[in-house]
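Good morning, and thank you for the time at today's meeting. Please bring up the sequence and the structure, and we shall go through them together.

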Amino acid sequence: ICDDDFIRGLPKAELHLHLEGSLEPDLLFQLAARNGVEIGYDTVESLRAAYSFESLQDFLDLYYQGMSVLLTQEDFHDLTLAYMTRAAEDGVRHVEVFFDPQAHLDRGVALKTVLDGIESGLAEGKRAFGISSGLILCFLRHLDEASALAVLEQAAPYSHRLLGVGLDSSENGHPPSKFSRVFARAGAMGLKRVAHAGEEGPPDYVWQALDQLGIDRIDHGNRALEDPLLVERLRRDQMALTVCPLSNLKLKVVRDMAEHPLRRMLDLDLQATVNSDDPAYFGGYVADNYRAVQQALGLSREHLAKLARNSFTASFLDRAEKASAI
Ligand code: HPA
Ligand code: ZN
């Protein structure tokens, strides 16, 4: 069988996927028309042409603009089901999705609207494709602690519907330490904790995420490799890293895929996984990410199978579920 079929055929868990970042230009235009939202681009092609980024912030500006078409429960349902449909084609069997409620609350969309729409999309994806799922509520780190605490309190009645909390948006200048009390509270609510760290930010932000936020998994983590003591800590604890190769290339975290640290992470015995981050913006879903690193880094089929197994090991499925998935 060819490499494409091999990659798609590997059962995978996707652990780093921003639902709002799976909003494809076609659906974005449909929702803009349905909701009468002006988006400032005339055609799908002109919008796609704008997807060229110099940095994380450059991308985030367009990402927040794009999600302004998401207003109703139906919008969130359609967005979620479109992702599940596409993920099924890539062999995704389980997904732990991120969403950014503060970016919707600030536009007058209620948390319940967002949650109900996403959940019905996930439920339909489970029925249609057999993909299991969990939800991770992310705090926007460019906003303040009070805003994060407020959304966490608002989410408290729905905490049984959440797997965990995460931390995303502009990294530099917004260290994990800013949210230590928020994450302590989330932990006390029985929620898992993850955080973006070491994407653009320094190794110190990864240390803070571990020691001050008590995280269960690191999103990205690329720059951890600059600090040998940190590498040893991650290796010893088998702390999972949710790595996103095409995202790293598009946001210029790496200059060239051949320089991507994923191969080094595997050689260092780190618990690395491959994910798509914001597939509508970065030009590929999860199988495209596997393919990109395979080609650029010369990964063997054993490497690819290890990455796919890691994705279940690093998931928040329970032991029995992991064992039956692998
Ligand atoms: N990094 C930080 N914030 C984000 C990302 C990312 O890759 N995608 C969506 N929000
Ligand atoms: Zn991300």
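**The sheet and the zinc site**

In this predicted model, eight strands form an open sheet, with parallel pairing, in the order S1-S2-S3-S4-S5-S6-S7-S8. S1 and strand S8, residues 271-274, stand at the edges with a single partner strand each, so one side of each has no neighbour in the sheet. On average, neighbouring strands of this sheet are turned by 25 degrees against each other, direction ignored.

Are the residues of S4 mostly covered or uncovered? S4 is mostly covered, since five of its five residues are buried. Gly164, Gly166 and Asp168 point one way from the strand, while Val165 and Leu167 point the other way, and all are buried.

Which strands pair with S4? One is strand S3, residues 132-140, which pairs with S4 in the parallel sense over five bridges. Within this pairing, phenylalanine 139 stands opposite leucine 167, and leucine 140 stands opposite aspartate 168.

Let us now consider the metal. Which residues coordinate the zinc ion, ligand 2? They are His16, His18 and His196, each through NE2, and Asp277 through OD, at 2.0 to 2.2 Å. In sequence, these donor residues follow the spacing H-x1-H-x177-H-x80-D. Histidine 16 lies in strand S1, residues 12-18, and histidine 196 lies in S5; the two are 180 residues apart, and the pair links distant parts of the chain. Histidine 16 and histidine 196 are both buried.

What is the geometry of this zinc site? The site is irregular, with angles of 82 to 174 degrees among the four donor atoms.

To conclude, I would draw your attention again to S5. Thank you; I would be glad to take questions.

Terms used. Residues are numbered from 1 along each chain as its sequence is written. Chains are lettered from A and ligands numbered from 1 in the order in which they are written. This is a predicted model: local features need pLDDT of at least 70, side-chain atom pairs count only at pLDDT 80 or more; totals for chains, interfaces and linings use all residues. Side-chain values use heavy atoms; hydrogens and water are left out. Buried means under 20% relative accessible area, exposed over 50%, partly exposed in between (1.4 Å probe, protein chains only). Helices (H or I, at least four residues) and strands (E, at least two) are DSSP runs, numbered from the N terminus. Two strands pair if DSSP finds at least two bridges between them. Donors are N, O and S atoms within 2.8 Å of the metal (3.2 Å for Na, K and Ca); water is not among the atoms, so sites may look incomplete. Four donors count as tetrahedral if all angles lie between 85 and 135 degrees; four count as square planar and six as octahedral if opposite donors are over 155 degrees apart and all others between 65 and 115; anything else is irregular. Axes are lines fitted to C-alpha atoms, for helices over the stretch in contact, and angles run from 0 to 180 degrees between N-to-C directions.
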